[in-house]
Amino acid sequence: MSGTFLGMPAFPANAAVAVRDSQLRYNLRRATRTIRGKRAFMVDELPDWAELRRAGKEIKDHTLRNLEHYLLRMEEAVTAAGGHVHWAADAEEANRIVADLVKATGETTVVKVKSMATQEIGLNEALLAEGITAYETDLAELIVQLGDDWPSHILVPAIHRNRSEIREIFQEKMADWGRAAPEDLTDEPRALAEAARLHLRERFLSTKVAVSGANFMIAETGTLVVLESEGNGRMCLTLPETLISVVGIEKLLPSWRDLEVFLQLLPRSSTGERMNPYTSTWTGATEGQEFHLVLLDNGRTNVLADEVGRQALRCIRCSACLNVCPVYERAGGHAYGSVYPGPIGAILTPQLRGTASELDASLPYASTLCGACFDACPVAIDIPEVLVHLRGKVRHARAERLGMRVAGWVFDRPTRLARAQRFGGRLRRFVPGRLPGPLSGWTDTRDIPDIPAESFRDWWNRTDGGAR
Ligand code: SF4
């Protein structure tokens with residue numbers, strides 16, 4: 001994954017800073033509650049939502065079980081349609097392929113459709129190092145790029161910004177990237193959208209190379225599918241002379257019939273709409289446009305090898321799990337230190353990047369395990385199950401495992417438990433109010449409960465259940 005976020009402190013330290021930012025919390029609460037409400041309404045009106053959800057899960061599981069077969073089929077179909085397929089094992093290879101393709105056109109600028117995969121590999125930074133400037137065209141991504149900021153939500157990357165902040169960014173930074181914002185720009189949504197539209201239109205009409213991701217790839221015909229709301233995607237996909245799509249290998253669907261399920265699941269779960277405004281599909285090269293597909297692994301085959309963790313590859317990046325997560329709503333997306341924030345980020349990032357860094361090792365703990373994410377997920381990813389599984393794998397879980405083994409041994413025999421309770425009762429005066437050293441996190445925000453002088457069991461025996 002991209003180094004953009006690497007070197008950040010662990011989640012608890014990031015979250016502690018974020019929760020003190022009252023403006024951020026207000027922005028997040030407002031935005032997540034609005035999307036959450038819309039989604040709930042749209043899901044409730046479908047009588048067969050549970051069946052759709054099950055179908056989505058099963059289609060994805062089937063595809064992942066037969067991934068090699070469908071990938072080869074995709075390659076064959078794209079090639080037959082005049083496109084070129086490139087295989088990238090990791091971020092470095094993917095970035096090199098894209099940079100070489102752009103250089104071969106002689107261009108030094110590209111326009112981009114919003115794409116998590118290209119953010120994951122740090123494509124913009126890699127292109128810049130080769131003298132190529134990538135211009136984001138999704139409105140929220142544009143705000144993030146102009147603000148020299150990081151995305152903090154999968155669907156709404158600038159969710160942490162309010163209207164007046166966006167106006168300031170446009171006025172201060174737009175001129176550095178192309179057409180300037182009007183001097184009398186207000187923070188009215190219509191005025192902000194118009195400033196972005198005029199700024200971007202110049203870019204669309206003058207740029208000859210586009211880079212996109214895809215929400216889905218259909219192996220049967222070699223077709224790519226992008227769902228979006230602003231029409232910027234369609235401009236990027238159709239106007240430039242060269243189109244390069246960087247897509248994670250897990251985005252495959254076997255057939256068009258399968259797409260029907262996801263065209264219902266995704267818009268309802270993400271923007272809370274029955275249907276998204278723009279669905280673009282393209283197959284291979286078209287007249288006047290060269291097409292390259294970069295199939296990206298970057299850790300996905302490792303995730304696939306993990307029997308519990310592989311369900312994360314079913315994710316369709318709808319962001320429903322973020323909008324229902326009490327931790328995300330308070331900590332915001334930046335605390336996760338990855339382009340994948342929230343519950344899905346807490347299970348996907350440590351699997352893609354590993355848990356060697358302090359930040360990545362802390363992500364499986366960035367959850368209360370309340371299960372709201374699982375309930376909301378349209379492809380039934382059991383995020384709490386994967387979180388617990390990953391907690392068992394991170395370094396400092398050794399101490400936790402030892403503690404659990406001791407607890408298991410004590411709880412295994414009533415006589416052992418009774419002795420331990422009596423022992424605890426005798427030591428109660430020496431128990432500190434706060435735990436020391438690495439255990440101090442437990443008592444930073446809560447007191448250790450008092451140990452009773454007498455256990456319930458001893459009280460029951462002594463009083464015959466309260467009768468004496
Ligand atoms: S894990 Fe599920 S709810 Fe979360 S973004 Fe992925 S598909 Fe959506």
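How much space lies in the second largest cavity? About 60 Å³, in this predicted model.

**View 1. Cavities across the predicted model.** The structure holds 5 cavities of 30 Å³ or more. Rolling a probe the size of a water molecule over the atoms shows where empty space is left. The largest cavity has about 100 Å³ of space.

**View 2. The largest cavity and its lining.** This cavity is lined by 13 residues. Nearest its centre lie Cys 315, Cys 318, Cys 321, Ile 344 and Cys 377. By class, the lining has 11 nonpolar residues, 1 polar and 1 charged. Cys 321 is buried, because its relative accessibility is 9% and the cut-off for buried is under 20%.

**View 3. The second largest cavity and its lining.** The lining includes the run Ser 367, Thr 368, Leu 369, Cys 370, Gly 371, Ala 372 and Cys 373. Cys 325, Pro 326 and Pro 343 also line this cavity. The lining divides into 7 nonpolar and 3 polar residues, with no charged ones.

**View 4. Cys 373 and the cysteine sulfurs.** A disulfide is a covalent bond between the sulfur atoms of two cysteines. The count for this structure comes to 0 disulfides. Cys 373 is in no disulfide. The nearest cysteine sulfur belongs to Cys 370 and is 6.1 Å away, whereas a disulfide needs a pair of sulfur atoms within 2.5 Å. Cys 370 and Cys 373 both line the second largest cavity. Cys 373 has a relative accessible area of 8%, so this residue counts as buried.

Conventions
Residues numbered from 1 in each chain as written. Predicted model: local features only at pLDDT ≥ 70, side-chain atom pairs only at ≥ 80, totals over all residues. Heavy atoms only, no water. 1 Å grid on protein atoms, 1.4 Å probe; cavity = no way out; pocket = protein on both sides within 12 Å on 5 of 7 lines; lining within 4 Å. Points joined across faces, edges and corners; volume = space filled by probe spheres on them. Nonpolar A, V, L, I, M, F, W, Y, C, P; charged D, E, K, R; others polar. Buried < 20%, exposed > 50% of the residue type's maximum accessible area, 1.4 Å probe, protein only.
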